[in-house]
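Let's take a walk through this one together, from charged pairs to packing to pockets. Have the sequence and the 3D view open as you read.

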Amino acid sequence: MLRNVPEIRDNINENPYHSEIQNDLKNIIDGEKTNRTFSTARLRENVGRTCRKQEYLTGQQCDSLEFLEDLIESTHPDIKSLFQFKINRERKFGINDQESGCQICGVVPSNSEQNDMVLKLEFPTSQHLFESGMSLQHLVNEHFGIKCTEEENGLRCSNCCKHKTNDSHDIRLCKPQPFRTQEHITKHPRYLITQLMRFKQSQFGFEKINMLVKNSGVIRIQETEYELVSIINHEGTFNNGHYTALIKSKYWYHCDDIINRRVSDANV
């Protein structure tokens, strides 16, 4: 998938000795259209040593997105900057479906901002309404829409609630209040990685959500458009499975270990 990004290929060729991992990637690229082979086990082991993750060294199955993040983190800073974005999370208390400040002092909760590399998209609870599947754009819209949290899981006012530092403080001022949350991307990445959160906790463990997500081709986030160019597929359960990839060049290709074949847009 990373080989499908021109800027990454250029950077790897220009900075092959930035790290052992970058040198591994250079050897993979140099082996294209030749009879040379390169074991990706070495790349996996180097990522494991760099990130200090034993599971990469032992060969056990790992989450592909987690490995991808660790791999990108171990490359040249200019490569990482292609995927990094900044999220602003805005929170406000809500009374009778209206946004407001604290019910006691009127203070509005402060916003939070964080840098990230993967946009994690959860499936809506009303999945029964989408028996024929839903579009990727719909999941994106749901993520950036306003989310309401009721009082039982509410937010305490940071101005009123002082009981952690003052035992004599009136505990009534610490009552959780319903609130609303909305996220905005304040710094867009050149390439956006999204993850569909297909596993949910149930009484029987982690259960996979097998809902069909339709190819939107292009998604829009706050007037910024992204074209879909790569997909990682997971087949199997939470503990066992197999990864394949769909890569778009001029056409779409399905990559399954060493077997690569062209597929039609209808199968993406």
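Start at glutamate 32, which is partly exposed at 26% relative accessibility. On that scale, buried means under 20% relative accessible area, exposed means over 50%, and partly exposed is what falls in between (1.4 Å probe, protein chains only). Before going on, bear in mind that this is a predicted model: local features need pLDDT of at least 70, side-chain atom pairs count only at pLDDT 80 or more, and totals for chains, interfaces and linings use all residues. Residues are numbered from 1 along each chain as its sequence is written, and side-chain values use heavy atoms, with hydrogens and water left out.

So who does glutamate 32 pair with? Arg3, Arg9 and Glu32 are linked in a network of salt bridges. A salt bridge here is a side-chain nitrogen of Lys or Arg within 4 Å of a carboxyl oxygen of Asp or Glu. Side chains of opposite charge can pair when their charged atoms come close. Arginine 3 meets glutamate 32 at 2.8 Å, N to O. That pair links distant parts of the chain: arginine 3 is in the segment before helix 1 (6-14), while glutamate 32 is in the loop between helix 2 (20-30) and helix 3 (40-51), 29 residues apart. Helices (H or I, at least four residues) and strands (E, at least two) are DSSP runs, numbered from the N terminus.

The structure holds 14 salt bridges. Another one of them joins glutamate 73 and lysine 80, with the closest N and O atoms 3.8 Å apart. Here glutamate 73 is partly exposed at 42%, whereas lysine 80 is buried at 19%.

Lysine 80 also turns up beside isoleucine 72, which touches Leu2, Lys80, Phe83, Met117 and Ile193, not counting residues up to four places away in sequence. Contact means heavy atoms within 4.5 Å. Isoleucine 72 belongs to the largest nonpolar core, a set of 23 residues in which Leu2, Ile8, Leu43, Ile72, Phe83 and Ile193 touch the most other members. A nonpolar core is a set of buried Ala, Val, Leu, Ile, Met, Phe, Trp, Tyr and Cys residues joined through side-chain atoms within 4.5 Å. In soluble globular proteins, nonpolar side chains tend to be buried together. A second, separate core has 19 residues, among them Leu119, Leu121, Phe130 and Ile219.

Now look at helix 2, where 8 of the 11 residues are buried. The buried set includes Ile21, Leu25, Ile28 and Ile29, but also Gln22, Asn23, Asp24 and Lys26.

What about the cysteines? The sulfur of cysteine 160 is 3.5 Å from the closest cysteine sulfur, in cysteine 105, which is too far for a bond. A disulfide is a pair of cysteine sulfur atoms within 2.5 Å, and by this rule the count comes to 0. Cysteine 160 is buried, with a relative accessible area of 7%, whereas cysteine 51 is partly exposed at 22%.

Arginine 3 shows up again at the second largest pocket, where Met1, Arg3, Thr40, Ala245 and Asp257 are the closest to the centre among the 46 lining residues. Its volume is about 2,000 Å³. Strand 15 (241-248) gives the largest share of the lining, 6 residues. A pocket is an open set of points on a 1 Å grid over the protein atoms alone, where a 1.4 Å probe fits, with protein on both sides within 12 Å along at least five of seven lines; lining residues have an atom within 4 Å of a point. Grid points are joined across faces, edges and corners, and a volume is the space filled by probe spheres set on the points.

Finish at glycine 217, in the loop between strand 11 (213-214) and strand 12 (218-221). Leaving aside neighbours within four places in sequence, glycine 217 is in contact with Tyr226, Glu227 and Leu228.
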